[in-house]
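Open the structure in a viewer and keep the selection tool at hand. The stops below say what to select next and what is there.

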Amino acid sequence: MFFTVPTLLTWTRILAIPLLVGVFYIGLPRHTQNLVATVMFIVFAATDWLDGYLARKLDQQSSFGAFLDPVADKFLVCASLLVLVDQQRADVFVALIIIGREIAISALREWMAQIGASRSVAVHMIGKIKTTVQMVAIPFLLFEGRLFGAIDTLRWGTWLIWTAAILTVWSMVYYLQKALPEIRRRVKK
């Protein structure tokens, strides 16, 4: 299941990340780079939904795809956050909170899977809400302008990315609380 259509879409999302980052360093006019990066991010983010849909529709779900998909999401979000920090559109503390949580929860999930308790840290609605808010905030920040002549995307994106950071901490606490009983049980052995 390494080269199924859904998995190839996921690989495309990973391989395209340098293009998204590179847009800001090839000398395009600021408005053009913002527009191109925003469109690219939206397209890449949409492939996340599309690869999952196709995996179910084509009956091409695989454990490798289930592993690779969230990795691609994390790469996309982390790379975008680093660009936004570099472009001074996102606070470094927001990036540290979000990226730190991703590393911590990924490590927790890996460890819980090794001890056979991965169900206790399965994806929860708070994590999905956090991801949705991030995926709306990032293109707003990448665009950094007025949408439809009225919406200040930098202001809205800043508000949304801080909301995502709060939800990030909340979801991390939730997952740690779910894992804590199993962790305590293992420490006592």
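This is a predicted model: local features need pLDDT of at least 70, side-chain atom pairs count only at pLDDT 80 or more; totals for chains, interfaces and linings use all residues.

Residues are numbered from 1 along each chain as its sequence is written, and side-chain values use heavy atoms, with hydrogens and water left out.

**Stop 1: helix 4**

Select residues 92-114, which make up helix 4. Helices here are DSSP runs of H or I with at least four residues, numbered from the N terminus. The end C-alpha atoms of helix 4 are 33 Å apart, which agrees with the 33 Å that its 23 residues should span at 1.5 Å a residue. That expected span is 1.5 Å times one less than the number of residues.

Go to the N-terminal end of helix 4, where Asp91 is the cap: one of its side-chain oxygens lies 2.7 Å from the backbone nitrogen of Phe93. After helix 4 comes Gly116, with a positive phi near 75°.

Next, show the side chains of the buried residues of helix 4, among them Val94, Ile98, Arg101, Glu102 and Met112. Buried means under 20% relative accessible area, exposed over 50% and partly exposed in between, with a 1.4 Å probe and protein chains only.

**Stop 2: aromatic rings**

How many aromatic pairs does the structure hold? There are five aromatic pairs. Rings of Phe, Tyr and Trp (its six-membered ring) pair if their centres lie within 6.5 Å; planes under 30 degrees apart count as stacked, over 60 as edge-to-face and the rest as tilted.

Select Trp49 and Tyr53: the ring centres are 5.3 Å apart and the planes are at 10°, so this pair is stacked. Both residues lie in helix 2 (residues 30-57), four residues apart, about one turn of the helix. Trp49 counts as exposed at 58% relative accessibility, and Tyr53 as partly exposed at 33%.

Move to Trp156 and Trp159, whose ring centres are 6.0 Å apart with planes at 75°, so the pair is edge-to-face. Helix 6 (residues 153-188) holds both, three residues apart, about one turn of the helix. Trp156 is partly exposed at 45% relative accessibility, whereas Trp159 is exposed at 53%.

**Stop 3: the largest pocket**

Select Ala66, Asp69, Pro70, Val71 and Asp73, which are the closest to the centre of the largest pocket among its 41 lining residues. The pocket contains about 1300 Å³ of space. Helix 3 supplies the largest share of the lining, 13 residues. Helix 1 (5-22), helix 2, helix 3 (63-86), helix 4 and helix 5 (125-143) each give at least two residues to this lining.

On a 1 Å grid over the protein atoms alone, a pocket is an open set of points where a 1.4 Å probe fits, with protein on both sides within 12 Å along at least five of seven lines; lining residues have an atom within 4 Å of a point.

**Stop 4**

Select His31 in helix 2. At 56% relative accessibility, His31 counts as exposed. Its C-alpha is 8.0 Å from that of Phe143, 112 residues away in sequence.

End at Asp51, also found in helix 2. Is Asp51 buried or exposed? With a relative accessible area of 3%, Asp51 is buried. Asp51 and Thr7 are 44 residues apart in sequence, with 7.0 Å between their C-alpha atoms.

Note on methods. A polar contact is a pair of N or O atoms within 3.5 Å; within protein, one must be able to donate a hydrogen and the other to accept it, and residues adjacent in sequence count only if both atoms are side-chain atoms. Grid points are joined across faces, edges and corners, and a volume is the space filled by probe spheres set on the points.
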